[in-house]
Amino acid sequence: MRTRKTLIDRRNFLKASATLTTAVTGLGLLPLGGWAAPIPGAEAEDNINLIGPKAGYAPQVGTLVSMMNWMRHVVLLSLKGLQQEELDYLHDAKANTIGAMLMHLAATERFYQAHTFEGKQWGDWSEQDKQRWTAASELGESARKTIKGHDLQYYLDALQEVRQHTLDELKKRDDQWLLAVDKKWYWGPTNNYCKWFHVCEHESNHNGQIKWIKGRLPR
């Protein structure tokens with residue numbers, strides 16, 4: 001049972017948080033580079049900054065797609081202008097290259113496709129998928145040895161190929177499918193919405209690593 005002191009402390013915390021939020025907003029702490037600014041003349045359906053239902057998808061599926069599109073847009077901006085030698089740059093013996101991480105994003109998405117769209121158990125991949133995506137999925141030494149020597153377009157094509165398949169398949173699914181719960185998932189009961197949101201969050205995680213490496217390129 002909560003004590004009066006606990007409630008007062010919580011109220012003070014919320015007040016402080018509100019004050020901080022107002023202060024940050026007043027400082028204009030917005031994303032750098034203008035990539036979240038409204039797009040002049042863009043229709044609502046095409047505006048990357050409008051998270052919500054999208055034409056051609058069930059309402060909640062479309063909302064998921066809009067979040068995935070936004071995150072991919074941010075990743076692509078981080079890659080702008082990178083050359084092959086920069087994509088292959090290895091900061092140290094245990095690091096991953098930007099190129100390898102891009103293939104890792106594609107590999108992760110491909111495996112979630114096989115799992116959620118094709119009903120495969122995690123790890124029960126086709127030989128074709130294993131050969132193409134295992135090194136990228138696992139990263140580490142195998143990826144350091146094999147994922148290199150490609151220009152940026154090579155990685156963009158791989159990302160787009162996989163993403164297009166995701167979008168095509170999501171158009172076939174309804175919100176009931178999205179909310180269906182897998183009671184045997186690794187971290188506990190999890191629905192398809194969470195699994196695909198994890199794919200989105202996964203890109204955010206590696207985008208941070210990509211930007212970290214970019215800041216250390218020997219230019």
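Helices here are DSSP runs of H or I with at least four residues, numbered from the N terminus. With that in hand, welcome to a short tour of this predicted model.

**The largest pocket**
- The space in the largest pocket comes to about 380 Å³.
- Its lining is made up of 20 residues, and Asp46, Ile48, Lys54, Ser66 and Asn69 are the ones closest to the centre.
- By class, the lining of the largest pocket holds nine nonpolar, six polar and five charged residues.

**The second largest pocket**
- A volume of about 180 Å³ belongs to the second largest pocket.
- Among the residues lining the second largest pocket are Met103, Gln131, Arg132, His150, Tyr154 and Glu161.
- Six nonpolar residues line the second largest pocket, together with three polar and three charged ones.

**A look at Ala114**
- You will find Ala114 in helix α4, which covers residues 98-116.
- Beyond its neighbours within four places in sequence, Ala114 makes contact with Gly119, Lys120 and Trp125.
- Ser126 lies 12 residues from Ala114 along the chain, with 9.0 Å between their C-alpha atoms.

Key. Residues are numbered from 1 along each chain as its sequence is written. This is a predicted model: local features need pLDDT of at least 70, side-chain atom pairs count only at pLDDT 80 or more; totals for chains, interfaces and linings use all residues. Side-chain values use heavy atoms; hydrogens and water are left out. Helices (H or I, at least four residues) and strands (E, at least two) are DSSP runs, numbered from the N terminus. Contact means heavy atoms within 4.5 Å. On a 1 Å grid over the protein atoms alone, a cavity is a set of points where a 1.4 Å probe fits but cannot get out, and a pocket is an open set with protein on both sides within 12 Å along at least five of seven lines; lining residues have an atom within 4 Å of a point. Grid points are joined across faces, edges and corners, and a volume is the space filled by probe spheres set on the points. Ala, Val, Leu, Ile, Met, Phe, Trp, Tyr, Cys and Pro count as nonpolar, Asp, Glu, Lys and Arg as charged, and the others, Gly among them, as polar.
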